[in-house]
Amino acid sequence: MQFPESWPPECPPANAQDAQGECFRVVSNNPPGADDFKSYSELGAAPNANPCKRVGLSLLRTLDDAIHQTELFPKHGKLICRGELNSGHGKTLLTKGTLPTHTTWWPYEGIDRVAPFVCVGAQ
Amino acid sequence: MNWTVIAPQFDVESFQGISLEEILYEFDGPRIFTARSVMGELLFYLADEQDGLCRYIVAPTNASIIDLMKSGVRSVRDALNQPWVWFLDTQYDGNPVAAWKGTLADAPVDALPRPGVMLWPHLEPVFVLRAIGDGLGEGTVPASVIRQVVDGATTALKKIAGRVFQAARAQGRKANVIRQFYDLPMQGVAYNSFEIAFRLPGRKQLNLGAGEAPEELGSEFDEIGKLLEQALSWAIDAKPEEDNEPLDIDLLEALEKLVPPQTGIVKSVELRGRIFCAGHARYQLTRDTSKRVRRALGKARVSQERITKVTGLVRELDKDDPSFTLRETDDSKDHVCRFPQEFLDDVLEVFNTDQRVTISGRENIKNGEIDVSLVSREPSATESSSSAA
């Protein structure tokens with residue numbers, strides 16, 4: 001399994017680890033689809049942002065953080081998906097910034113990104 | 001976008017060349033951030049994203065507003081709620097394509113952060129009490145409602161903390177350590193009808209017992225939250241009363257302080273906060289809940305408490321956990337008496353002068369403890385003789 005060749009060099013960064021464990025993402029479609037798991041790079045958004053972060057996807061590590069996000073950004077989706085990632089799904093890194101559990105996920109090329117996730121409820 | 005901004009259009013060129021200052025919330029990309037422009041310092045909130053467009057609500061701001069938001073004193077919605085705001089559509093590449101100038105009221109409710117929601121999850125208040133009623137808003141909240149909310153929160157938490165720390169108190173745990181579980185610092189006030197948010201004491205404010213870590217206080221606070229949640233679920237559950245397990249009297253007394261009164265401006269009370277395991281649950285107590293709680297409390301009191309009046313001497317006083325032991329009583333028993341803070345001066349005086357005191361209140365039949373509602377001093381010999389003269 002590999003990452004897309006179009007990604008910047010040294011991306012994911014060397015300190016990223018095999019994907020592992022429970023994570024959450026708020027989505028707007030029910031059931032969630034591929035559009036809910038597109039990176040900013042795939043959407044063509046924020047071209048000036050950090051190029052390696054742009055090709056990754058943001059995840060949260062706690063349900064509380066995901067619920068908080070639905071309350072902070074109601075238009076961005078009310079459905080919370082819980083995923084259980086493993087090394088076959090790519091690499092992750094805790095990129096906490098202002099959110100202590102914010103994690104960036106760099107999925108391997110061609111994997112079904114939706115498959116590891118199940119919806120745990122709508123807010 | 002599936003919502004139209006009904007506000008006058010604004011010159012979109014004003015948003016060209018904006019320089020991003022600080023990212024406050026980032027998920028996939030920056031969602032809340034500050035930026036500098038010819039119009040001054042601005043707060044950007046990404047309200048919606050659709051069909052290759054991002055719609056931001058942009059509010060004028062300053063360092064003080066941002067600091068209040070970052071410290072959890074001001075919610076994101078309140079920080080955005082300025083005399084005017086702009087709605088700005090940009091393409092995904094950040095190029096501005098349309099702008100309008102209006103107020104926050106021009107946005108649909110679901111395009112805004114929910115009222116009271118803080119910038120980051122850890123800033124969410126630990127306990128929020130909201131009094132709901134017609135006409136409760138900024139400038140129109142009677143002092144009695146403010147008192148009701150503050151007393152409700154403090155007394156209810158104190159009742160439950162008392163139960164959680166029953167054993168700890170017997171083992172000599174300091175009362176001022178226990179006090180911080182109910183006498184919480186206020187985080188903020190919102191006019192939503194009227195709500196007060198409380199936070200846990202900061203590290204510097206914490207009173208820790210010897211060898212105690214702040215994390216241990218967290219687990220004890222969780223315990224208080226669990227019991228409160230149990231009491232609220234009991235009160236809200238619509239099961240017929242005969243099918244419902246009776247609730248412990250301490251929990252009923254905590255509920256008694258939280259439920260809305262049968263008359264007056266407050267019609268219901270909402271509770272939320274990180275104290276609850278279901279972190280984002282909202283519990284609503286109505287006047288029907290009040291009836292239910294009062295009926296259950298009446299029943300419990302008949303079997304577990306009696307109204308009492310005892311005279312004796314205050315020999316042992318705890319100022320941190322307002323309570324004293326009444327000895328040399330006219331019923332020949334010692335009584336631990338808990339009293340409201342406002343009686344402290346009276347109690348201190350009789351304690352310091354060895355005057356006999358008569359107290360009235362509710363006595364727990366099982367252990368003889370008295371919840372004091374009235375303290376009256378017996379006149380001293382000098383007072384009696386001067387009044388006779």
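**View 1. The order of elements in chain A.** From the N terminus on, the elements of chain A of this predicted model run β-β-α-α-β-α-β-β-β-β. Chain A thus holds three helices and seven strands (DSSP runs numbered from the N terminus: H or I of at least four residues for helices, E of at least two for strands). Residues are numbered from 1 along each chain as its sequence is written, and chains are lettered from A and ligands numbered from 1 in the order in which they are written. As the model is predicted, local features need pLDDT of at least 70 and side-chain atom pairs count only at pLDDT 80 or more, while totals for chains, interfaces and linings use all residues.

**View 2. Burial in chain A.** Of its 123 residues, 43% count as buried (20 or more other C-beta atoms within 10 Å of the residue's own, with C-beta atoms placed from the backbone). The C-alpha trace spans about 40 × 30 × 25 Å along its principal axes.

**View 3. The side of chain A that touches chain B.** Here 25 residues of chain A are in contact with 25 residues of chain B (C-beta atoms, placed from the backbone, within 7 Å). At least two residues of this side come from each of α1 (40-43), β3 (57-59) and α3 (63-72) of chain A. The largest share, seven residues, is supplied by α3(A).

**View 4. Residue classes on that side.** The side of chain A that touches chain B has 13 nonpolar, eight polar and four charged residues (nonpolar: Ala, Val, Leu, Ile, Met, Phe, Trp, Tyr, Cys and Pro; charged: Asp, Glu, Lys and Arg; polar: the others, Gly among them).

How values were computed:
Buried ≥ 20, exposed ≤ 12 C-beta atoms within 10 Å, placed from the backbone. Contact = placed C-beta atoms within 7 Å.
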